[in-house]
Protein chains: 2
Amino acid sequence: MKKIRLFTPGPVMIPEDTMLEMARPIDHHRTAAFRESFKELGSLLQYVFQTSGTCVTITGSGTAAAEAAIVGCCPPGHKALVGLNGKFAERWAKVCANFGIPHTAMPVEWGTGVKASDVEAQFKADPKLDTVIIVHSETSTTALSDVAAIARVTRAHNAILIVDGITAVGAIPVKMDEWGVDVYITGSQKALMLPPGLGFLAVNDRAWQRIDSGKTPTLYNDLKAYRKSLEKNDVPYTPANTLILGAVHNLRKIKERGLENIWKETALFARATRAAVAALGLKTYAKDPTDSVTGIWVPQGVDEAKLRKTLRGDFGQQWAGGQGDLEGKIVRITHMGYMDIFDTLGGIAALELALKKNGYNTPIGAGVSAAQKVFAEALG
Amino acid sequence: MKKIRLFTPGPVMIPEDTMLEMARPIDHHRTAAFRESFKELGSLLQYVFQTSGTCVTITGSGTAAAEAAIVGCCPPGHKALVGLNGKFAERWAKVCANFGIPHTAMPVEWGTGVKASDVEAQFKADPKLDTVIIVHSETSTTALSDVAAIARVTRAHNAILIVDGITAVGAIPVKMDEWGVDVYITGSQKALMLPPGLGFLAVNDRAWQRIDSGKTPTLYNDLKAYRKSLEKNDVPYTPANTLILGAVHNLRKIKERGLENIWKETALFARATRAAVAALGLKTYAKDPTDSVTGIWVPQGVDEAKLRKTLRGDFGQQWAGGQGDLEGKIVRITHMGYMDIFDTLGGIAALELALKKNGYNTPIGAGVSAAQKVFAEALG
């Protein structure tokens, strides 16, 4: 028997009951029942973003949500700083470029987070900057940025801070209001354990003021239309309503479990994986690692494509490779989603076996044993 | 027992096996298996659009797809004509307005189709026009436009024709290449019998030339990025992959049944419904009616909101009301989706009973009997 297991940092594995919830007979979205669900979703999203701001759901990928945030917060007359530490940060700079939004794309070493001191230096060098766009957990490089520290800088300069929290929200600590983030973004297919197809945003009053100050040069991703519909717990365009019912279902469970408990568990899986990586004589990639996904250098002499082919073909496990300059150099394993201790151990076990098959002198058992010790210690 | 039946012109009822297909364990979209599915989807879409053009799938509503078509085909230097015969046509004019695209919004009497002669007159009056945007089947007014005739005009003027086929494609005759349409658009939650969440476009070479001639001021809905990814049977942003598997599942079945047979059946349901409406002493709304949805004037003395509340509350049937100026004046019943003779009869039966409850002197049985006769005749 060979089970399929997704270790990709999105899409992640989804609880069976969530899939069945979404397979119920479809109903229409302009009904009282749907409006109740949509209202509850807004309130549950406030919990996961830790905000009293307005939460918006867009039918589209996280990219649609990020585009909505950027184009809304940067009407003519504003200038953005994008901290460029990975493929997703590059995409947000491309949103600015395509819409003709003046911006500075600040190079940041891959594998590291955007530094608050570098953001501060940019503000000092360019008084026109009034918007900062960063990625909290850069999925492509597995690097974490210190959002709280950067928010202190943006607040001091009275700027708007937009944070891509696509592999952060629901996985690692996110405290939008406490930190002073103005727009936080996430997607359905990461820590919220849903199929892809929904983008979520939390928008505070400071950001709404900015959005209201100018004309938004788009229709589908114009946040103003979404806010107007929200007054009636409605949406401006036909929503992916099966996914929305799944979102309510999952977010209720996330709230029941408690975000702090989930954050701890994600961190535990990351810690165990790192211990296993070290025990196998391997190295993790990121200098500032996030806990939602771990990047591992593929050892010399091992072909990354073949390694992942073994993981999938022999063991049913879908791992992610590297993106951009990291293609062929690292593999990535998620700690988000419908994932427990034994999935994590299974991932490490498969990596050991696949490395052996691909010519690495694997100390078989060393990885799973090291991870087990981390789990045993955590369980007390 | 009370079953829920959707008679709204989208979302429509969905086959149970489609819902279960989409509830299978999720897999990743960057896999060989997904690329195979995505390739097959492209080919199946060519069949439903009746085109050899490139078919693009966007995760979003039909509005996202329409925005992609409009903004792509109208780079700076071009001017669009929008035939304004309903709420959706108005939305496409708003896309032009929001993106700053020069356009003429041509008023058209609601309930009628856009006339080719009026389009011709606009071209004669304004030589700058080089793009025409029309709605094939205006869901809000239940009116049909003669796309073939309009395409002859746009071709004669060497213009690009964009057609919103959201409640046309897969329901009523659509022959993109034969007619000479340049971009056709549809959505998942109509005749394709899927939940909302995917927009589909078919784009021919003339349209691609136009799209390539300028910079597209958006990222998420930039068709160039989708075409580039299609070269590898891939998508630029994480797709709603459960819905995509459902789309392949349904489109295979649609191809098996044959579009002509489906078009005939949709037309039959529309004809039977119109016969029932007449037999009940009621009137249909549209002067140029589409076969995918029928609008019915609510008789004097009957409260439209209460009528639909009875349909839903007493009989489990979700009907659509009027939109815009038609709010409170008409009800709408779909002939698309997972729908057969007996669903159609059930809709008419519920309408009879709900009209009676709401004070209309209904000739009970006259509607279902008239519809039955149409069905019997068609079956021969």
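Two residues are taken to be in contact if their C-beta atoms, placed from the backbone, lie within 7 Å. On that basis, and in what is a predicted model, residues 24 or more positions apart account for 73% of those contacts in chain A that have a separation of 6 or more.

**Overall fold of chain A**

- The secondary structure of chain A comes to 14 helices and 14 strands.
- The radius of gyration of chain A is 21 Å, close to the 21 Å that the globule rule gives for 380 residues, so chain A is as compact as a globular protein of that length.
- Taken along the principal axes, the box that the C-alpha atoms of chain A fill is roughly 60 × 55 × 40 Å, and 58% of the 380 residues of chain A count as buried.

**Relation between the copies**

- Two copies of a chain are related by a rotation about an axis and a shift along it.

**The interface**

- In the pairing, 45 residues of chain B are in contact with 46 residues of chain A.
- On the side of chain B that touches chain A, helix 1, helix 3 (62-73), helix 4 (87-99) and helix 10 (241-257) of chain B each supply at least two residues, and helix 4 of chain B gives the most, with four residues.
- Sorted by class, the side of chain B that touches chain A has 22 nonpolar, 19 polar and four charged residues.
- Of the interface residues of chain B, 100% are also interface residues in chain A, so the copies meet through the same surface.

- Helix 12 of chain B covers residues 304-313, and its buried residues are B:Glu304, B:Leu307, B:Thr310, B:Leu311 and B:Arg312.
- An α-helix has 3.6 residues a turn, so residues three or four places apart point the same way.
- The elements of chain B against which the buried residues of helix 12 pack are strand 12 (317-318), strand 13 (320-321), strand 14 (330-334) and helix 13 (341-357).

**Local backbone features**

- Most residues other than glycine have a negative phi, and most peptide bonds are trans.
- In chain A, a cis peptide bond with omega of about -10° joins A:Gly10 and A:Pro11, and A:Pro11 is found in the loop between strand 1 (5-6) and helix 1 (16-22) of chain A.
- In chain B, B:Gly10 and B:Pro11 are likewise joined by a cis peptide bond with omega of about -10°, and B:Pro11 has its place in the loop between strand 1 (5-6) and helix 1 (16-22) of chain B.
- Although A:Met193 is not a glycine, A:Met193 has a positive phi of about 60°; this residue is in the loop between strand 9 (183-187) and strand 10 (198-203) of chain A, and A:Met193 counts as buried, with 26 C-beta neighbours inside 10 Å.
- B:Thr142, also not a glycine, has a positive phi of about 60°; B:Thr142 is found in the loop between strand 6 (137-138) and strand 7 (143-144) of chain B, where B:Thr142 is buried, with 32 other C-beta atoms within 10 Å.

Conventions. Residues numbered from 1 in each chain as written. Chains lettered and ligands numbered in written order. Predicted model: local features only at pLDDT ≥ 70, side-chain atom pairs only at ≥ 80, totals over all residues. Rg over C-alpha atoms; globule rule 2.2 N^0.38 Å. Buried ≥ 20, exposed ≤ 12 C-beta atoms within 10 Å, placed from the backbone. Nonpolar A, V, L, I, M, F, W, Y, C, P; charged D, E, K, R; others polar.
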